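Got your viewer open and your selection tool ready? Let's take a walk through this model, one stop at a time.

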Amino acid sequence: MKKLVAMMLMLASVFFFACEDDDPDPLSPEKAKAELNELSAQMSTDLADMQETEGMIAMKSLMNMTDPFSDSKSGLRTAVIPNIYESIIPFSKEINSKLTYEVDSFDFDTYKGTYTWNNNAQLWEITLGGNTIIINFPSNEANMGVNDAKLTISNYQEDANYNPTAIAAKLEINEIVYVEITFSATWTEDEPTILQVSIYLKPFTFSGGFEQTSSTASVNFSIVYENTRLLNTSLSITFTDTTKEEIKKIVGYIQYRDIKISAAINLANIMEIRQSLADESSPYTTMDELISALNKEIDAKITKNGALVATIKLAMTDQGITVVLKFSDGSTEPAQPFFEVFISNLEDLFGFIKDYFSDEGTV
């Protein structure tokens, strides 16, 4: 399912949806290119800021400590802290930590209590009881003798494969809330069928959800920095049948700050055109006819506050059939140079895209 979500995001970041007839005047080619370059630069800055919040630094400190719920002599660990950490920051590149060691099962009610780090003894002091799990620990690895952070876990549940099904947790540093998470999911083996998450990572707020049926999947996600919406995405995908092996259509958008990237793609029709070429039954006798047929299956554009930045077309180049940006004066340029950094940032943001696609700019 990670690969499915990645593919949806990739397609939406390359092809774009047509806007209303009363859009503002299109940007000049020079202004459009400047806006696209600024988009990637701004995203890189935002991502760096997210990774270096005090809440994330504290959670990394806890991740690097011994598991408070396991006997270090047994070699087992629970998946609790890794699952909370990975749920907090959806675009983390961290490898699923629970896969790097043998995992022990976890029962929330059994472990309710207070866990306090004793740096001198290098162990957790445990007092069981109460209605929650409270973990007192140092927020910074450079000062392990001061337990200034408190992680309160009000609920944690997982399935037989150690996938989290419910998380409610809050991280405070010196009594100030830096992280708060509410998470719920239903899994089929290691794939979520329904997922809802709301995360506060001071000063960012993440919220979103994912749902799939027998032949569809949809994802909605947003990131807000204080009162500024950084990212908003809404994507839906329809499969040709319940096997979900072939995509019929994808519709949706990704908006980062003021730039909106939208798409409506009849992928099944595009695949039929490709297949007709492979079996030499194609009705198209020239490359222009082929390109025109493909472009009819893609309704796409980029806008800034409703103003056209560029439409997206397919064109024949020395590298083959390639995605190009078409600007307001009719000129075109390959899309990939403009979106290499943007797509790379999406890889950072969601962590999965590179694994699925290896040739972003071609069809």
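Start by selecting lysine 112: with a relative accessible area of 18%, this residue is buried (buried is under 20% relative accessible area, exposed is over 50%, and partly exposed is in between, using a 1.4 Å probe and protein chains only). The side chains of aspartate 109 and lysine 112 meet in a salt bridge, 3.0 Å from N to O. A salt bridge here is a side-chain nitrogen of Lys or Arg within 4 Å of a carboxyl oxygen of Asp or Glu.

Keep in mind that this is a predicted model, where local features need pLDDT of at least 70 and side-chain atom pairs count only at pLDDT 80 or more, while totals for chains, interfaces and linings use all residues. Residues are numbered from 1 along each chain as its sequence is written, and side-chain values use heavy atoms, leaving out hydrogens and water.

How many salt bridges does a search of the whole structure find? Two. For the other stop, select lysine 150 and glutamate 172, whose side chains meet in a salt bridge at 3.8 Å, N to O. Lysine 150 lies in strand E4 (residues 149-158) and glutamate 172 in strand E5, so this pair ties together parts that are 22 residues apart in sequence. Helices (H or I, at least four residues) and strands (E, at least two) are DSSP runs, numbered from the N terminus.

Is glutamate 172 buried or exposed? Buried, with a relative accessible area of 14%; lysine 150 is partly exposed at 31%. Show what glutamate 172 touches, skipping residues up to four places away in sequence: Asp148, Ala149, Lys150, Thr152 and Val177. Contact means heavy atoms within 4.5 Å.

Next, select residues 216-225 and 228-239. These are strands E9 and E10, which run antiparallel and are joined by 10 bridges; two strands pair if DSSP finds at least two bridges between them. E9 and E10 form a hairpin with two residues between them, and glutamate 226 in the turn has a positive phi of about 50°. Click leucine 235 in E10: valine 219 stands opposite. Leucine 235 also stands opposite glycine 252 in E11. E10 and E11 (residues 247-256) pair in the antiparallel sense over nine bridges.

Last stop: helix H5, residues 267-278. Colour its buried residues, Leu267, Ala268, Ile270, Ile273 and Ser276. Just after H5, find glutamate 280, which takes a positive phi of about 60°.

Definitions and conventions. Expected span 1.5 Å × (residues − 1).
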